[in-house]
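User: I would like a close look at one residue in this protein. Please keep it brisk and tie the details together.

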Amino acid sequence: MVRTDVLTGLFNYRYFAQALSLEMECTRRSGQPTCLIMCDLDHFKSINDVHGHEVGNVVLTHIASLIRKTIRRLDIPCRYGGEEFSLILPDTTLRQGVRFANRLRLIIENSPVNAGDLILGIEASFGVDVYYRGDQATEKEFVDTVDGYLYMAKQEGRNRVCHGSYVKDDGVSTDEKEALASAFDSQSE
């Protein structure tokens, strides 16, 4: 089966779904968090409408190249669909994922696309969250949550990163927190 998107060379949606399921299973077993980032190019429809789909394709391949140059070897970059990209970052906390998303956002913003006679500035919006051991979300629920943060970034003015709460992102697993809490509870009795 084909695993890559023909235009961008990134993994395709089918591979994304399989990889996310596997990484979430790894999190459940190992306790290492899995970060998911959704990235959507701002005002991409107007690029296609004004300059045509060929220029749009140049923009998409440019963004894919920037993503490949920015990620680690263990990260899983995917073309989610249209002008939307997803990145699965294994063993990555929310703080690390948000830092990465902001860095990629700035790289995109500061890397105009040269499309023949045109030089186009591109911006992107991001949604970020992390799956931790003990989380009960399904793959679909996890994606929907991250997509909700992406939608929030669009609603709040675009070219920004919105994300989940850092509350669970203190380096202590849910199981460890529960064990500590029960230890303190039993001492106070």
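Is threonine 8 buried or exposed? And what surrounds threonine 8, not counting residues up to four places away in sequence?

Analyst: A caution before the details: this is a predicted model.

Start with the position. Threonine 8 lies in the segment that precedes α1, the helix spanning 13–30. In total the protein has 6 helices and 7 strands.

Threonine 8 has a relative accessible area of 4%. The cut-off for buried is under 20%, so threonine 8 counts as buried. For context, buried residues account for 45% of the 189 residues in the protein.

Next, the polar partners. The side chain of threonine 8 makes a polar contact with the side chain of aspartate 5, at 2.7 Å. The threonine 8 side chain also reaches a backbone atom: the nitrogen of leucine 10, at 3.2 Å.

Then the neighbours from elsewhere in the chain. Leaving out residues up to four places away in sequence, threonine 8 touches Leu60, Ala64, Arg68, Arg79 and Phe85.

The whole protein gives the setting. Of its contacts between residues at least 6 apart in sequence, 70% link residues at least 24 apart. Its accessible surface is about 10100 Å², with 52% of that belonging to carbon and sulfur atoms.

Technical notes:
Residues are numbered from 1 along each chain as its sequence is written. This is a predicted model: local features need pLDDT of at least 70, side-chain atom pairs count only at pLDDT 80 or more; totals for chains, interfaces and linings use all residues. Side-chain values use heavy atoms; hydrogens and water are left out. Helices (H or I, at least four residues) and strands (E, at least two) are DSSP runs, numbered from the N terminus. Buried means under 20% relative accessible area, exposed over 50%, partly exposed in between (1.4 Å probe, protein chains only). Contact means heavy atoms within 4.5 Å. Accessible areas come from the Shrake-Rupley method with a 1.4 Å probe; for residues, only the protein chains shown count as cover. A polar contact is a pair of N or O atoms within 3.5 Å; within protein, one must be able to donate a hydrogen and the other to accept it, and residues adjacent in sequence count only if both atoms are side-chain atoms.
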